[in-house]
Each structure stands twice: as C-alpha cells, then as structure tokens.
Amino acid sequence: MRGLFHKVPMYWGLAIVLFMLLFPFVNDSRSTLILLTQIFIFAIFAMSFDILLGYTGIVSFGHCMFFGIGAYSTAIIFNQLEANLLTFMIGLVIGIALSVLVSYIIGLLSLRLKSHFYAMLTLAVSQLFLVLAEKWRGVTHGGDGFTFSVPDLFKDRTSFYYITLLSVAVVFILLKLFTESSTGKVLKAISQNEHRAEALGYKTLHYKLIASVTAGVAASFSGALYAVSLRFINTNVFSIEVTLDALLMTMIGGLGTLAGAIAGAGIIEFLRHYLSELAMAYPIFERWTIILGFLYIVVLLGFPSGLAGFIKKLTLKKKRKVKKKEELKKIA
Amino acid sequence: MSLLKLDNLETYLEQYHILQGVSMSVEEGSITVLFGRNGAGKTTTLRSIMGFNPSTTGTVHFHNQNISKLSTHLISRKGIGYVPENQGIFSGLTVEETLNLAKAKSAGETEAKMEWMLQLFPDLKKFWRKKSGLLSGGQKQMLAIARAYINGDGLLLIDEPSKGLSPIMVEKLMESLLKMKEKTTILLVEQNFLMASQIGDYFYIMDDGKIVHEGLMEDLKEDKETCQKYLGIA
C-alpha cells in the first residue's frame, strides 16, 4: 500500500504528459494550443523562481531580468542575423551566459548579507535593464519593441507546442534531480536554518550562488522561448509584473514543489486568458488583475502551502485513515 | 592537555559589551560545564567559539591552533560540533537526510560514528524517514546531538540540552552524555545544576560576561556559598 501511495504522483504526472502529447490530435482550437504553450513557458519560469524562494528561501524582486535577458538575446540575434536553429542556439547561449554572469555578480555582492539585500539589488538591477532596453533604441527599438522572424520549425504552432512541452519536461527532470541531490538538501537546510548549515561546515554563500545561477539560467531559457512564441519583443519583459507573476504562480501552486509551480502557472495563465475573454462581454472583468490579487490573498490566508501543499495534506489524511483501518483490523 | 583554550575573549553584540575578557580551557576527554544566570554570556561564549559572534579581542585555540579569525564553516571543519540552545533542527529534512548532511562534512570515521549514534539513540533509527520537524522535543534534542557528534571530531559544544525536556528525558540525556564522554570532549552550557553536577568533571561560572569561579565539579558540590551566590541553590 505504501509503495502505491509513493507512485501515485508519478502516475498522475505520466497521465498528464500522455494527455498533453495527445492533445493536438484531439483539439483543433489554435488559441488553446497557444495558451498551453504559454503555460509551459511560464511553468519553466515559475520553477526557476521556486528554486530561489521555495528551496533556498531567497527573495528576488527582479527575477524578470533573467527572463528579459533570455528573451532579448534571442530576439536581437533573430533580428540581426538569419533566423535558423543555429542562430537560436547562439541567442540561447548568449542569454544563458549573460544570466550566469549577472546572477553570479548580484549573488556575490548581496547573498552574504541578509536576504532582503538580494531582493533590493535584483529589483534595482532589473530596473536598470528596463531603462537600458528603453534607451538603447538602435538595438531594442525601445518601448515600441520589434517583430522578428523565427525558424520554420517554431512557426508551426503544433511543433512549437511539442518543443515547449519537451522543454518543460526536461527542465522539470533536471531541476528535480538538482533538488534531490546533496546540493539540493543543503539548499533546503539553508532555507530552514542558515546558521546551522554553516555550523555543519557548509559555506552557505557558495550554495546560495549555485541556486541563484541555476534559477537565472532556467529563467533565461523560458524568456528565450517566450520571445519565440510571440515573435515580438518589447520592454514589458523587464517589468516587475513578470516577477510578480512568477511569485503568484509559485505561491498558488505551493512553495518548494516543482509540480506546484507548474500547476500555479497553469492556473494563472488559464485565469488570465478566460477573465480577459470575459471582459469582452462583461466590462467588470476588465479589472481582472484585481481578481488575481484577490485570489492571491485567499490562497495566502486559506492555503498558505498552496495547491501542492493542500493535496499533500489530503493524501496524508488518507494515509492515516488507511493505517488506522489496518491497525483496527489487526486488533480485531 | 587543553583541547580548547579561550584567552581574554571580548565580544560585543551591537553596542553591548557581552564577553568581558573570558579565559577558560577545556581538557581533552572531559565534560566541562559552564554555569551562570540568564544573560551572563554563556551562549555568547559558545557562539563566539563557533564564529557566529566573532570576538573583537582575545583568541580561541583548538588543538593549539588559533581559530578565532576563521569563519563558522571552517571552524566546524576543524572538528567542533555545535548543538544550539533551540536545537536548530532542519524541520523539512528527514532524520536520514539531516544525518547524511552532517556526515558529508565530517572528518574521521563517519560510518562508525553514525552507527554508534543510532545505537545510543534508537529512536532516530525508528523515525529514520520521518521529517525532523515532526519529532518530539526529546527526539529533536537527540537528533541535534547526533548531528553535531557525527559532524564534529573531538569536541562538542552543547547549549542547555535539558531545556524544556521532561525529567525522564533529562535522565536519559544525562546517561547518553556520560557514554559520549568516552569518545569525545564536551563543553556544556547548563542551568540545571542537579543534572550537570552529576556528569561534569570541571566547571566555570560566568557572571556579567566574566568568569568568576572555576575548578573541579566535586569541589563545587561542597561549596554551598558559591552555589547560593551564583546559581541560586540553597
């Protein structure tokens, strides 16, 4: 019975992946396919944020900068050079390399101090990137942004859907391996009691830097996919709303659970899509961000451990019930 | 032979002068108890040794090596295990994960140390896969001590282990510390005189950030005046 309970999440995961694989064959709605593609991209972004906040306890107010770096690197390369898979890889590598550098420097400067210094520094640097993108009009076209062409493989919505599905699966597995590794356990220990982790001989700054860089790389990758999905970019990718989205997705899904981050991305993107559609018929829904804000308050007050935490609690309750029944049977 | 030697240690916490020239030594293979009233500076002494509250002047020598300028993780790697006052449990990690973290940065025979700890505290084996945050107060204390013992190599700093435990648990803890004395040196901060006087070999009494008395535990038991003056024992 115990083994079965352990395997339940895996079976659910496989069922969802299978459903997603078959989805384009049973669905002919282009907008649903695009919506799911967006969910996969933001799921990667939310997971990257969860590595920082959920697993290491580092608060970032400027996570959008890594998303923006990845998005702009890919978009600028496509705009300046020919759009093919090689240039996509070049853009991706440049975005990731820049994110590694920026996250490492910010981490080195602020992670040895209390966590709010990292939050403040990331906020400041992300706003610097926003100003840079606004002012460097020759390359970024400022707030107006620019459109660009993408390789044929990415133009086809179905093939791009599968690419993002594969990406989210690969990133999930890699981040899962990372969090289950000995480094991941140290990060968890740091999030719960940094001094004690240090007293065990762990140089905590070193581990927090690893978390910061890992999160930056994953966020940059999601940003690159985002730019490709829109075939357009403007300075919005550096706005604080992008960071708040990641926070909302992670909190609603459940901190410290990668699957929760994916679920959170799904919930928020679905809500955003349907509420903005409702706004066409009912003007009251034009202020749909208020509804998201309300949802955030409800989750914080009612389900502080998020969706994943809530499901975990239910499963534990069920387990206890089964155990009690077994014990009663034994006594009888 | 002195395993740990503090020489004229002075520590400030913000503008407060907490340790005002603390000098003491811990003999190898002994249990040395640091007594004192609340706010005397006992916990700060341990935290200064570990580098959490570094001293402004004075030195800390461990194995005749000056460790006073090292950062906490390097002090720990020298072989000093630390059990803080509030146990400092990683509540989201299981017992297994916690002890493996301690083992990974440990020196010496880690497997043997782990085995011995599980023999000494069988409850840890029983709740091997349980999240540490779900353990009882006594079990958490056992885990904190086992974690520090496995992680350290030769010296354990233990801060008020009997705090908040039931009398039975205190009795068990006392027996365990006595057994551990055969394998490691212990510097114990304790307010429970009854417990500490039964297991300690040497004692120091702190008052207002200074060492005011020191000697053999046997002598302190006879010294009613000192006990009454500094420890409030009639």
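Select Phe35(B) and Ile205(B) to begin: Phe35(B) stands opposite Ile205(B) in E9(B). This is a predicted model, in which local features need pLDDT of at least 70 and side-chain atom pairs count only at pLDDT 80 or more, while totals for chains, interfaces and linings use all residues. Residues are numbered from 1 along each chain as its sequence is written, and chains are lettered from A and ligands numbered from 1 in the order in which they are written.

**Stop 1**

Helices (H or I, at least four residues) and strands (E, at least two) are DSSP runs, numbered from the N terminus. Two strands pair if DSSP finds at least two bridges between them. E3(B) and E9(B) run parallel and are joined by five bridges. Now show the whole open sheet, whose six strands have the order E6-E7-E8-E3-E9-E10 in chain B, with mixed pairing. Strand E6 (80–83) and strand E10 (210–216) of chain B stand at the edges; each has a single partner strand, so one side of each is left without a neighbour in the sheet. On average, neighbouring strands of this sheet are turned by 15° against each other, direction ignored.

Select residues 155–159 and 185–189 of chain B next. These are strands E7 and E8, which pair in the parallel sense over five bridges. Within this pair, Leu157(B) stands opposite Leu187(B) in E8(B).

Go on to the other partner of E9(B). E9(B) and E10(B) run antiparallel, joined by six bridges, and Phe203(B) stands opposite Gly215(B) in E10(B). The two strands form a hairpin with two residues between them, and Asp208(B) in the turn has a positive phi of about 50°.

Is E9(B) mostly covered or mostly open? It is mostly covered, with five of its six residues buried; a residue is buried if 20 or more other C-beta atoms lie within 10 Å of its own, exposed if 12 or fewer, and partly exposed in between, with C-beta atoms placed from the backbone. Axes here are lines fitted to C-alpha atoms, for helices over the stretch in contact, and angles run from 0 to 180 degrees between N-to-C directions.

**Stop 2: the four-stranded sheet of chain B**

Four strands of chain B form an open sheet in the order E2-E1-E4-E5, with antiparallel pairing. At its edges stand strand E2 (16–27) and strand E5 (65–66) of chain B, each with a single partner strand, so one side of each has no neighbour in the sheet. Strand E4 (residues 57–62) of chain B pairs with E5(B) in the antiparallel sense over two bridges. There, Phe62(B) stands opposite Gln65(B) in E5(B). Helix H1 (residues 42–50) of chain B packs on this sheet and touches strand E1 (2–13), E2 and E4 of chain B; its direction makes about 75° with that of E2(B).

**Stop 3: helix pairs of chain A**

Two packed helices are described by the angle between their axes and the distance between the axes. Select H9(A) and helix H11 (residues 204–230) of chain A: their axes come within 10 Å and cross at roughly 110°. H9(A) and H11(A) are therefore roughly perpendicular; angles under 35 degrees count as roughly parallel, over 145 as roughly antiparallel, 65 to 115 as roughly perpendicular and the rest as oblique. Thr183(A), Val186(A), Leu187(A) and Ile190(A) in H9(A) meet residues of H11(A), including Tyr207(A) and Ile210(A). Two residues are in contact if their C-beta atoms, placed from the backbone, lie within 7 Å.

Then select helix H13 (residues 258–281) and helix H15 (residues 306–331) of chain A, which pack at an angle of about 120° with their axes 7 Å apart. That makes H13(A) oblique to H15(A). Ala259(A), Gly260(A), Ala263(A) and Gly264(A) in H13(A) meet Gly306(A), Leu307(A) and Ala308(A) in H15(A).

**Stop 4: core and chain contact**

Which residues touch the most other members of the largest nonpolar core? Of its 148 residues, they are Ala43(A), Ala46(A), Met47(A), Ala146(B) and Leu157(B). A nonpolar core is a set of buried Ala, Val, Leu, Ile, Met, Phe, Trp, Tyr and Cys residues joined through C-beta atoms within 7 Å.

Finally, display both chains: the contact takes 15 residues from chain A and 19 residues from chain B. H9(A) gives six residues, the largest share of the side of chain A that touches chain B.
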